[in-house]
Amino acid sequence: NDFRKKIIKSVFNYMTIPKKKLREMYTDNLYNSSHKYQEQIEKDITRTFPMDDTFKKGQSNLLKLSQILTAYSNYNANIGYAQGLNFLVGNSIFLFQKDEDVFGFIDGMINRFELVKLYGITSNDLNYRLNKISKLIQSYCPDIYTFLSDNYLNPEFFTANWTLTLFSCHMNKEHLFIIWNFMIVFGWKFFDWFR
């Protein structure tokens, strides 16, 4: 368990923010926000964890989610706000007590996995990642792949969400954090090993 925590904390090494300025950077970006993405953020946060009471209207985690997403969207102009960030931040709230630590962790995850290439405004790497996961399904779950094909369903129908949220939208926290540990250590190679 301590080893797993160390892996999670290693993400802070990928931050673009100097660690000693993290709190200042977080509060500056939160309170001087332009609210450019506020409407989309408010729509998405209510869909993040609808069954979790701490993410219901007026509850602390929902407010925290809104504030961190707003702060980060104002901090990282290359991404702004993209659907999927709500699940990354929402799950990260369970890992860290302080808002600024969640903010720093998200910045580290975005940099570690080059997520700007998935949902940033400057490039798009999503098709490449979806193709990799589709090949994994085809290779290791051929019956599922055949079933989907026979029913005119593309695996991207559900794997897009997996990729954009680093699996945080469809997995319980315990399993998600194990997957994240492997991803943090191995990067995207965690999915590319079958080549």
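**Helices, core and surface of a predicted model**

Me: Which helices do the buried residues of α5 pack against?
Reply: The buried residues of α5 pack against α3 (38-45), α4 (60-75), α6 (99-112), α7 (116-119), α10 (156-164) and α11 (173-186), a contact meaning heavy atoms within 4.5 Å. This is a predicted model, in which local features need pLDDT of at least 70 and side-chain atom pairs count only at pLDDT 80 or more, while totals for chains, interfaces and linings use all residues. Residues are numbered from 1 along each chain as its sequence is written, and side-chain values use heavy atoms, leaving out hydrogens and water.

Me: What makes α5 count as mostly covered?
Reply: Nine of the nine residues in α5 (85-93) are buried, that is, under 20% relative accessible area (1.4 Å probe, protein chains only; exposed is over 50%, partly exposed in between). They are L85, N86, F87, L88, V89, G90, N91, S92 and I93. Across the 195 residues of the protein, 47% count as buried.

Me: Why is K19 called exposed?
Reply: Its relative accessibility is 58%, so K19 counts as exposed. K19 belongs to the loop between α1 (2-9) and α2 (22-31). Between the C-alpha atoms of K19 and D101, which are 82 residues apart along the chain, the separation is 9.6 Å.

Me: How many helices and strands does the protein have?
Reply: There are twelve helices and zero strands, taken as DSSP runs numbered from the N terminus (helices H or I, at least four residues; strands E, at least two).

Me: Why is the protein called as compact as a globular protein of that length?
Reply: Its radius of gyration is 17 Å, close to the 16 Å that the globule rule gives for 195 residues, so the protein is as compact as a globular protein of that length. The radius is taken over C-alpha atoms, and the rule is 2.2 Å times the number of residues to the power 0.38. Along the principal axes, the C-alpha atoms fill a box of roughly 50 × 35 × 35 Å.

Me: Which residues have the most contacts inside the largest nonpolar core?
Reply: F105, L115, L166 and W180 do, in a core of 53 residues. Such a core is a set of buried Ala, Val, Leu, Ile, Met, Phe, Trp, Tyr and Cys residues joined through side-chain atoms within 4.5 Å. Leaving aside residues up to four places away in sequence, F105 touches I8, V11, F12, S92, L95, F96 and W180.

Me: What share of contacts between residues at least 6 apart in sequence joins residues at least 24 apart?
Reply: The share is 71%.
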